[in-house]
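Please look at the sequence and the three-dimensional structure shown here, and keep both in view while reading. The paragraphs that follow go through the open spaces in the protein and then the surroundings of its ligand.

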Amino acid sequence: MAIIIDGKAISQSIKDEVKAEVAELKEQGITPALAVIQVGSDPASTVYVGNKKKACEYTGIISKSFNPDENITESELLAIIKELNIDPTVNGILVQLPLPKHISESKVIAAISPEKDVDGFHVQSAGALMTGEKGFVPCTPAGIIELIKRTGIDIEGKECVVIGRSNIVGKPMAMLLLKENGTVTICHSRTKDLKSITKRADILVVAIGKPKFIDGSYIKEGAVVIDVGIHRGENKKLCGDVDFETAEPKAYAITPVPGGVGPMTIAMLMKNCLEAAKAANM
Ligand code: NAD
């Protein structure tokens with residue numbers, strides 16, 4: 001029976017740690033604040049933004065909401081970001097993606113000051129991660145490192161395989177595992193003989209975006225399996241990119257869906273907001 005990595009409990013500990021530090025900062029007259037911009041009213045985005053605001057409330061971080069109409073022009077949105085960049089009462093700026101098609105996401109992300117880039121999507125943040133400089137790390141891969149470490153699993157010297165090369169999960173994940181001295185391989189849609197590579201993995205991170213794609217036959221006996229995928233399957237039940245039923249018996253430890261990687265993303269966002277507030281007041 002594999003260890004089921006409890007993302008709910010680990011994310012709760014992180015939020016509690018953030019809450020305690022926020023309370024200490026408040027005693028010094030510093031109140032961390034996050035600006036959340038949601039363009040339009042996409043229902044999925046509304047749920048994500050709502051969860052982020054709830055986490056802010058829990059940790060004591062102020063959330064300032066901006067909800068422009070979906071017809072806002074790119075330059076109007078850039079002007080809002082410019083204002084928030086220079087607003088000393090705002091520590092973090094989050095623009096909920098995706099944006100309407102007439103707005104360039106890369107232009108909008110580039111407009112956020114790297115000091116307030118709590119999502120870690122700015123090219124300066126990506127470059128800092130690559131070169132080992134200080135900068136914000138995207139929340140999902142940062143949360144995965146916490147899941148692994150707080151389960152007592154060592155990364156150093158391990159064969160780590162990441163499936164997926166997106167800018168928000170796969171690539172930063174690979175850089176973080178490398179930083180922890182793992183031996184890292186990145187697989188993607190053009191990888192040949194995927195199974196021969198995944199079967200080498202001591203730590204396998206799966207971020208493909210295809211329900212139950214990785215079954216037990218892809219997994220080495222005793223591996224740590226991290227499932228980043230989230231899908232609403234048959235019967236409206238949530239599932240991941242990993243077929244839990246066949247993967248779990250092979251694994252040493254595995255994340256469930258839901259309750260694995262999912263809750264970590266928001267917890268790490270809170271941690272990044274706290275760090276932004278600390279850095280701004282140093
Ligand atoms: P993406 O679509 O941007 O990237 C998917 C990657 O998978 C690509 O790099 C592609 O090369 C690779 N891929 C596709 N088919 C493949 C195949 N057959 N073999 C090998 N590689 C293949 O997705 P993403 O944004 O990185 O997200 C991945 C999954 O994680 C999605 O299910 C998404 O919903 C989920 N996600 C979850 C969280 C969270 O908080 N838990 C956060 C972000 C993303």
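How much space lies in the largest pocket? The model is a predicted one, and in this model the largest pocket holds about 1,500 Å³ of space. Rolling a probe the size of a water molecule over the atoms is a way to show where empty space is left. The largest pocket is lined by 48 residues, and those closest to its centre are Tyr48, Thr140, Ile230, Gly262 and Thr265. Several elements give two or more residues to this lining, namely helix H1 (7–27), helix H2 (43–59), strand S4 (92–95), helix H6 (139–150), strand S9 (231–232) and helix H10 (262–280). Of these contributions, the largest share comes from H2, which supplies 9 residues. When the lining of the largest pocket is sorted by class, there are 26 nonpolar residues, together with 13 polar and 9 charged ones.

The elements that give two or more residues to the lining of the second largest pocket are helix H5 (123–131), H6, helix H7 (170–179) and H10, and the largest share, 8 residues, comes from H10. By class, the lining of the second largest pocket divides into 15 nonpolar, 6 polar and 11 charged residues.

Now turn to the ligand. Which residues come nearest to the ligand? There are 23 residues around the ligand, and Arg165, Ser166, His188, Ser189 and Thr265 come nearest; Thr265 is also one of the residues closest to the centre of the largest pocket. The shell around the ligand is made up of 10 nonpolar, 10 polar and 3 charged residues.

Some of these surroundings can be followed atom by atom. A polar backbone atom of histidine 188 is 3.4 Å from a nitrogen atom of the ligand, whereas for lysine 210 an N or O atom in the side chain is 3.1 Å from a nitrogen atom of the ligand. An oxygen atom of the ligand, in turn, lies 3.4 Å from a backbone N or O atom of valine 228. Taken alone, the ligand exposes 860 Å², and the protein buries 73% of that area.

How values were computed. Residues are numbered from 1 along each chain as its sequence is written. This is a predicted model: local features need pLDDT of at least 70, side-chain atom pairs count only at pLDDT 80 or more; totals for chains, interfaces and linings use all residues. Side-chain values use heavy atoms; hydrogens and water are left out. A residue is near a molecule or strand if one of its heavy atoms lies within 4 Å of it. A polar contact is a pair of N or O atoms within 3.5 Å; within protein, one must be able to donate a hydrogen and the other to accept it, and residues adjacent in sequence count only if both atoms are side-chain atoms. Accessible areas come from the Shrake-Rupley method with a 1.4 Å probe; for residues, only the protein chains shown count as cover. Ala, Val, Leu, Ile, Met, Phe, Trp, Tyr, Cys and Pro count as nonpolar, Asp, Glu, Lys and Arg as charged, and the others, Gly among them, as polar. On a 1 Å grid over the protein atoms alone, a cavity is a set of points where a 1.4 Å probe fits but cannot get out, and a pocket is an open set with protein on both sides within 12 Å along at least five of seven lines; lining residues have an atom within 4 Å of a point. Grid points are joined across faces, edges and corners, and a volume is the space filled by probe spheres set on the points. Helices (H or I, at least four residues) and strands (E, at least two) are DSSP runs, numbered from the N terminus.
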